[in-house]
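Reader: I've got a model open on my screen and I'd like to talk through how its inside is put together. Can we start with the rings?

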Amino acid sequence: MEAVLGWFDLNGHSGGFAAAGSLSDGLGQQVLLYLVVVLGVVLSEAVAMARAGGPIRIELSRPWLIVACVVALVVFPAVWREIGAMAEATLLVQMGMAAQGGVFWGVIMAGAEKGVAG
């Protein structure tokens, strides 16, 4: 249980997963970067469609947005730690890293799906 709580401790106060760096801009920056991760998760579906060669069509239905928010919630602590390691970077660079983290989860899931099916 401590490992789970440590994963979601963005400031690295509990044991286990300490933050690589510290961001001092607070809750506003965390919320902004979380929303960028959600956007990256939504865009990961467009990346999957482009790889399949079909038309790119993103439907923003309520269930899909809820799934994107939950996935982003799980992915966000890892993204936050990576961004913390580059705290000297501008907010735009940090937002790019957050979006990349959101898109990357789809690549991991696609690889896992091929591994299980193959």
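Predicted model: local features only at pLDDT ≥ 70, side-chain atom pairs only at ≥ 80, totals over all residues.

Reader: How many aromatic pairs does a search of the whole structure find?

Author: Going by that cut-off for ring centres, 6.5 Å, the search covers the whole structure. The number of aromatic pairs found is two.

Reader: What kind of pair do Tyr 34 and Phe 76 make?

Author: Their ring centres are 5.9 Å apart, with the planes at 85 degrees. Planes over 60 degrees apart get their own label, so this pair is edge-to-face.

Reader: How many residues apart in sequence are the parts that this pair ties together?

Author: Tyr 34 lies in helix α2, while Phe 76 lies in helix α3. So the pair ties together parts whose separation in sequence is 42 residues.

Reader: Which ring pairs with Phe 76 in a tilted way?

Author: Look in helix α3, four residues from Phe 76, about one turn of the helix. The centres are 5.7 Å apart and the planes at 40 degrees, and the partner is Trp 80.

Reader: Is Trp 80 buried or exposed?

Author: Buried means under 20% relative accessible area. Trp 80 has 3% relative accessibility, so it counts as buried.

Definitions and conventions. Residues numbered from 1 in each chain as written. Heavy atoms only, no water. Phe/Tyr/Trp six-rings, centres within 6.5 Å; stacked < 30°, edge-to-face > 60°. Helix = DSSP H or I, 4+ residues; strand = E, 2+ residues; numbered from the N terminus. Buried < 20%, exposed > 50% of the residue type's maximum accessible area, 1.4 Å probe, protein only.
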